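Please open the model in your viewer and keep the selection tool at hand.

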Amino acid sequence: MKKIFAIALIFAMIISMTACGNENNNGISQQNQPNSSTTDTLDSSAGSSNVRDEGGTKPASENEDVQGSNILVAYFSRVGNTVWEDGVDAVTSASLTVEDGEFVGNAEYLARMAQEATGGDLFLIQTEETYPSDYRKTTNVASDEQADNARPALASHVENMDQYDTIVLIYPNWWGTLPQPLFTFLEEYDFSGKTILPLCTHEGSHMGSSERAIAELCPDAILLDGLSVRGSSASSAQSDIEIWINNSVIFK
């Protein structure tokens, strides 16, 4: 009788240990099983924070919930506003450089450096109608736009301009002043109380009358001293831009 009882007891203990082992294995499996909905959410979030436009920059209109910066680095460049034809030679253009087989505008170089120096959000000012890939034809179009006091329609817009209190405005000197799309841009928003830092690329005319134009277009803005960079030196202007930014009253 005792032998039968002992055998039954051993059998019961084996069943109990097996049940505990199954319970622990299920628990571990449940903890290690990835939650598909959580993973999808994380992937979606990461993707939305790295949206880029065709110019390789992060559009300010898509940055409102990502960076939350109060500095906007807005720039206008031929790159991003031109459909390039085959055979275009950057060497013949004063405003283009080839980097890793791609065209890079001088204003884009300055924008990258200003963004690095300030931590601001990059925004490419784009027009609905693109400019000719031929440099001389572009200068002719720009001349006609200036003669007509044109306001070229823009294809890109800052949807969250209210969050920015400082705008680093970067542009080429076209015929002694701002490119006409900059007139459109500056008239589109209320810059009252905002600080504007003009940064201009040129081939000998420096800022021209661009600062006066900005002051007239944005009379209630705080316009700080601008910086002009010769186009041929744009790719090596990092230290000049950092000194200029650091000497601005908003960074003192």
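**Stop 1**

Select Glu 187 and Arg 151, whose side chains meet in a salt bridge with an N to O distance of 2.9 Å. Glu 187 belongs to helix α5 (residues 180-188) and Arg 151 to the loop between α4 and β5 (166-172), so the pair ties together parts that are 36 residues apart in sequence. A salt bridge here is a side-chain nitrogen of Lys or Arg within 4 Å of a carboxyl oxygen of Asp or Glu. Helices (H or I, at least four residues) and strands (E, at least two) are DSSP runs, numbered from the N terminus.

Glu 187 counts as partly exposed because its relative accessibility is 43%, and Arg 151 is likewise partly exposed, at 32%. In these terms, buried means under 20% relative accessible area, exposed means over 50%, and partly exposed lies in between (1.4 Å probe, protein chains only).

Two remarks on the model apply throughout. It is predicted, so local features need pLDDT of at least 70 and side-chain atom pairs count only at pLDDT 80 or more, whereas totals for chains, interfaces and linings use all residues. Residues are numbered from 1 along each chain as its sequence is written, and side-chain values use heavy atoms, with hydrogens and water left out.

**Stop 1: the loop between α4 and β5**

Remain in this loop and select Asn 149, which is found between α4 and β5. Its phi is near 50 degrees, a positive value in a residue other than glycine. Most residues other than glycine have a negative phi. Asn 149 is partly exposed, with a relative accessible area of 48%.

A further case is Trp 175, in the loop between β5 and α5. Trp 175 has a positive phi of about 55 degrees although it is not a glycine. At a relative accessible area of 51%, Trp 175 is exposed.

**Stop 2: helix α3**

Select residues 106-118, the 13 residues of helix α3. At 1.5 Å a residue the helix should span 18 Å, and its end C-alpha atoms are 18 Å apart, which agrees; the expected span is 1.5 Å times one less than the number of residues. Which residues of α3 are buried? Among them are Asn 106, Tyr 109, Leu 110 and Met 113.

Next, select Arg 112 and Glu 108, whose side chains form a salt bridge at 3.3 Å, N to O. Both lie in α3, four residues apart, about one turn of the helix. An α-helix has 3.6 residues a turn, so residues three or four places apart point the same way. Arg 112 is partly exposed, with a relative accessible area of 32%, whereas Glu 108 is buried, at 7%.

Just after α3, Gly 119 takes a positive phi of about 75 degrees. Then select Tyr 109 together with Ser 235: their C-alpha atoms are separated by 5.9 Å, although the two residues are 126 apart along the chain. Ser 235 is in the loop between β8 and α7 and is partly exposed, with a relative accessible area of 47%.

**Stop 3: the largest pocket**

About 410 Å³ of space lies in the largest pocket. Of the 24 residues that line the largest pocket, the closest to its centre are Tyr 135, Pro 172, Asn 173, Trp 174 and Glu 203. A pocket is an open set of points on a 1 Å grid over the protein atoms alone, with protein on both sides within 12 Å along at least five of seven lines; a cavity is a set where a 1.4 Å probe fits but cannot get out, and lining residues have an atom within 4 Å of a point. Grid points are joined across faces, edges and corners, and a volume is the space filled by probe spheres set on the points.

Which element gives the most to this lining? It is α4, with five residues. At least two residues each come from α3, α4 (135-147) and β6 (195-202).

**Stop 4**

**Stop 5: the cavity**

Finally, select Ala 142, Gln 146, Trp 174, Leu 178, Pro 179 and Gln 180, which line the largest cavity. Its volume is about 30 Å³.
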